[in-house]
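Visitor: Hi! Could you show me the model and walk me through a few spots?

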Amino acid sequence: MQIAMDQARESESIEILEETKVVSIQEWPDRVQLHVVSNNGDDRILVETRRLLVSAGAWTGQLLPDWKPLLQVHRQLQGWITVDNPKEYDTTRMPAWVMDTGKTVRPLYGIPCDGDNQFKVAIHGREDLVVDPTVQRPVSKEEENEWRKATEHAVNVPHDTCTIAPCLYTMTN
């Protein structure tokens with residue numbers, strides 16, 4: 001992804017809009033229009049293109065209302081574990097992994113350290129439905145305990161140096 005972004009930045013025919021929010025998408029037979037607003041709300045921009053790739057995740061149903069009945073947003077739990085020796089947990093020694101051993105209620109997955117001293121461990125398959133993805137809900141004590149219990153047998157590092165956060169998955173019906 002980074003290589004593609006770097007190539008796009010070098011192109012004179014591509015304009016990258018950062019710190020913006022797509023508020024609506026309109027499809028026409030020969031083009032697609034995006035209505036975009038800057039994060040501070042001051043600038044409103046109309047973008048026209050022949051093709052569009054939407055990767056809006058949990059917000060896809062808001063941008064494409066016809067798709068909303070086909071999508072469900074689920075709240076998952078992920079944690080970043082801080083380690084003193086990140087080289088032991090980088091991509092050369094620890095690949096991305098999935099674990100479904102029956103020891104936990106749901107599968108787990110992990111992503112190695114990538115230029116920092118944290119690696120990610122997450123629970124996959126929670127069925128906590130989210131109605132409005134714009135409403136931010138902090139991780140509860142019960143959710144923190146759920147994550148800690150699920151990951152305690154999978155990762156052999158102290159869990160007292162971790163940050164747990166929610167993640168929204170968009171699933172099709």
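Predicted model: local features only at pLDDT ≥ 70, side-chain atom pairs only at ≥ 80, totals over all residues.

Visitor: Where does His74 lie?

Guide: In strand β4, residues 71-82 (strands are DSSP E runs of at least two residues, helices H or I runs of at least four, numbered from the N terminus).

Visitor: Is His74 buried or exposed, and why?

Guide: His74 counts as buried because its relative accessibility is 10% (buried is under 20%, exposed over 50%, partly exposed in between, with a 1.4 Å probe on protein chains only).

Visitor: Which side chain makes a polar contact with that of His74?

Guide: The side chain of Gln72, at 3.3 Å (N or O atoms within 3.5 Å, one able to donate a hydrogen and the other to accept it; sequence neighbours count only if both atoms are side-chain atoms). A polar atom of the His74 side chain also lies 3.5 Å from the backbone oxygen of Arg126.

Visitor: What else does His74 touch?

Guide: Beyond four places in sequence, its contacts (heavy atoms within 4.5 Å) include Arg126, Asp128, Val130, Leu168 and Met171.

Visitor: New topic: which element supplies the largest share of the lining of the largest pocket?

Guide: That is β1, with five residues. Other elements giving at least two residues include α1 (2-10) and β2 (32-38).

Definitions and conventions
Residues numbered from 1 in each chain as written. Heavy atoms only, no water.
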